[in-house]
Amino acid sequence: MTTTALPRPYQSYVYAYPHKTAYRPLADRPALREEWAGERKDALSLYLHIPFCEVRCGFCNLFTRIGAPEQLTTRYLDAVDRQADSVREALGDGGPVRFASAAFGGGTPTFLTADELVRLCDIAEKRMGADLSAVPLSVETSPATATADRLSVLAERGATRISIGVQSFVDAEARAAVRPQRRADVESALARIRESGVPVLNIDLIYGIDGQTPRSWRHSLDAALAWRPEELYLYPLYIRPLTGMGRTRAGTGTGAETESDASWDARRLALYRQGRDHLLSRGYEQLSMRMFRRLDAPVRGADDYACQTDGMIGLGCGARSYTSRLHYSFDYAVNMGEIRGIIDAYTATEDFGRAETGIRVDEDEARRRHLLQSLLQARGMETGGYRERFGTAPEEDFGVELARFTELGWLDGDREPGLLRLSELGLAYSDALGPELFSPSVRSAMAEYEPR
Ligand code: SF4
C-alpha cells in the first residue's frame, strides 16, 4: 500500500524522448553525412510525414494543416523527393543500408490522392531503397479519406496495418471533441478497410470527452469491437495549449472548464479502467497504457518493431530522425499560421543535407530513453539487456526514481527477477511516471519552450 500521495495522472504522453519541445536550432547545422557515418544502418525505420488534414480536430496538437491549396501537395511531395535524395546520399554506401519497417503518418497520409500515394510509395522504395512489400508498413487514415482507391494502392504496395482515428462512435461526442463526423461514414470507412485486405486494423478511441459516460464509452468500445480490430488504442483526452479545445476552454464552450481537474482526472481514470477491463475480457492483451492487441491477431504490424538501438529516418517537415547521438527534425508549431509558414519554407528548401533543429543525446539521455521506452511497455524491461548495453544496472543509474516508483506502488512487486515491470497502478499512471524520468536539462528546455 502506498503512503506517498500520487501525482496527477495525465501530465504528458511520452511517445518519444526527448520531446520535440526540447529541440532547439542547431547552431552548427551538422552535415547528415557526418552524423550518419559510423551508425548502424542495416535495420532502420522509415517514417514519412504528410502534414495535411481535411479538418483540425479540437484535441490535436500534431503538426498538420487544414487543406492544401494551389497544388501544395505536389510541391510538398517534390520536396519530400528532394529530401529523400539528399538523405539517401548522406547514408552512404559504405555498409548495408536496409529498412526494417516503414510508416506513413501525419496529419492524414490518405489526404493525398491515390496517385499521390503511389508517388509516396515510389519515394520510399526507389529513392530510399525500402522494400515496402517485405517489411511492416503502417498507414494512418481518417473516415473521410479512407476511400477504396487509396486503400487499394496501399494494400497493393504492401501496407500491413491501417490505423484509423475514430475517437468516438457517438456523433455528439465526436462533435464535442471538435471532430464532426457521422457514425454511418465511420462504419463505411471501416468496411472499406476490411475489404482492402490489409491484415491489421487499428482503431483509435478517446476517453474523457465532455458528456461521455461509462455507458456511452462502452457503446463506443463495443462498436469498435464489432470490427474485431487486431489493435485498439485508447487515448485519454488532453486539452493542450493552442489546440481548438485549448482555445475554447480559455473562452467558453466545453464542459471541461466546468469540471474540476480532480474530477476530470478521476473520470478519465475510471474510463481507462473500464476500457481496459472490457478489452481484456473480450480477448485482448494490454501492451501499454494505450495499446491493446487481439490475442489471436494473425499478423503483427510495424509497432511491434521496437528495437531500442535502431536509427530512424524521417522524411517530411514534421518528421523526426534519430541517430544514436542526435535527434533532429524541422521547426515545430501548433498554431495554424505558424504551421503554414513552416510547410511553405520546407517546400522551398533545396539543401536537405544538414540537420537544422534537434537535440544531442548523450549517454545519460540514452539511458533514460532506454528505461522510459521499455518500462512503459506492459511486458516491462529486462534488466540484463540494459546492463549489456550500458554496463550498469538500472538501479545504479536511477536508484532514486525507482525507489520512488516502488513507494508509489507503480512497480509490480511480483515480477520475476531480472525484470522491471509496472504494476496495474503504474500502467494507469504512465503519463505521470514518464515525465519523472526526464533529465533536468530536457525538463528545463521543455519548460522554456513557448507554444506557438
Ligand atoms: S487528430 Fe489526426 S485527423 Fe485530427 S487533426 Fe490531428 S492529425 Fe488530423
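Here is a walk through the structure, from its overall layout down to some single residues.

What you have is a predicted model, in which local features need pLDDT of at least 70 and side-chain atom pairs count only at pLDDT 80 or more, while totals for chains, interfaces and linings use all residues. Residues are numbered from 1 along each chain, following the sequence as it is written.

Let's begin with the big picture. The protein is split into domain 1 (20-304) and domain 2 (363-448), with bounds that come from an automatic or database domain assignment. The C-alpha centres of these two domains lie 26 Å apart. Nine residues from domain 1 and nine residues from domain 2 make up the contact; two residues count as being in contact if their C-beta atoms, placed from the backbone, lie within 7 Å. On the domain 1 side, the touching residues are five nonpolar, three polar and one charged. For that sorting, Ala, Val, Leu, Ile, Met, Phe, Trp, Tyr, Cys and Pro are nonpolar, Asp, Glu, Lys and Arg are charged, and the others, Gly among them, are polar.

Now find helix H9, residues 261-281. Helices (H or I, at least four residues) and strands (E, at least two) are DSSP runs, numbered from the N terminus. H9 has 21 residues and reaches 30 Å from its first C-alpha to its last, close to the 30 Å expected at 1.5 Å a residue. That expected span is 1.5 Å times one less than the number of residues.

Which residues of H9 are buried? They are Arg268, Leu271, Tyr272, Gly275 and Leu279. Here, buried means that 20 or more other C-beta atoms lie within 10 Å of a residue's own, exposed means 12 or fewer, and partly exposed is in between, with C-beta atoms placed from the backbone. In general, an α-helix has 3.6 residues a turn, so residues three or four places apart point the same way. The buried residues of H9 pack against several elements, including strand S8 (200-207), helix H7 (214-225) and helix H15 (424-428). After H9 comes Gly283, with a positive phi near 90°.

Next, some backbone details. The peptide bond from Tyr17 to Pro18 is cis, with omega near -5°, and Pro18 belongs to the segment before S1. Gly106 and Gly107 are also joined by a cis peptide bond, with omega about 15°. Gly107 is in the loop between strand S5 (99-106) and helix H3 (114-127).

Gln71 has a positive phi, near 60°, in a residue other than glycine. You'll find Gln71 in the loop between strand S4 (65-66) and helix H2 (72-91). Why does Gln71 count as exposed? Because Gln71 has 9 C-beta neighbours inside 10 Å. Arg228, in the loop between H7 and S9, has a positive phi near 45°. Arg228 is partly exposed because 13 other C-beta atoms are within 10 Å.

Finally, look at Leu6, in the segment before strand S1 (24-25). Leu6 has 14 C-beta neighbours inside 10 Å, so Leu6 counts as partly exposed. Leaving out residues up to four places away in sequence, Leu6 touches Leu408 and Tyr429.
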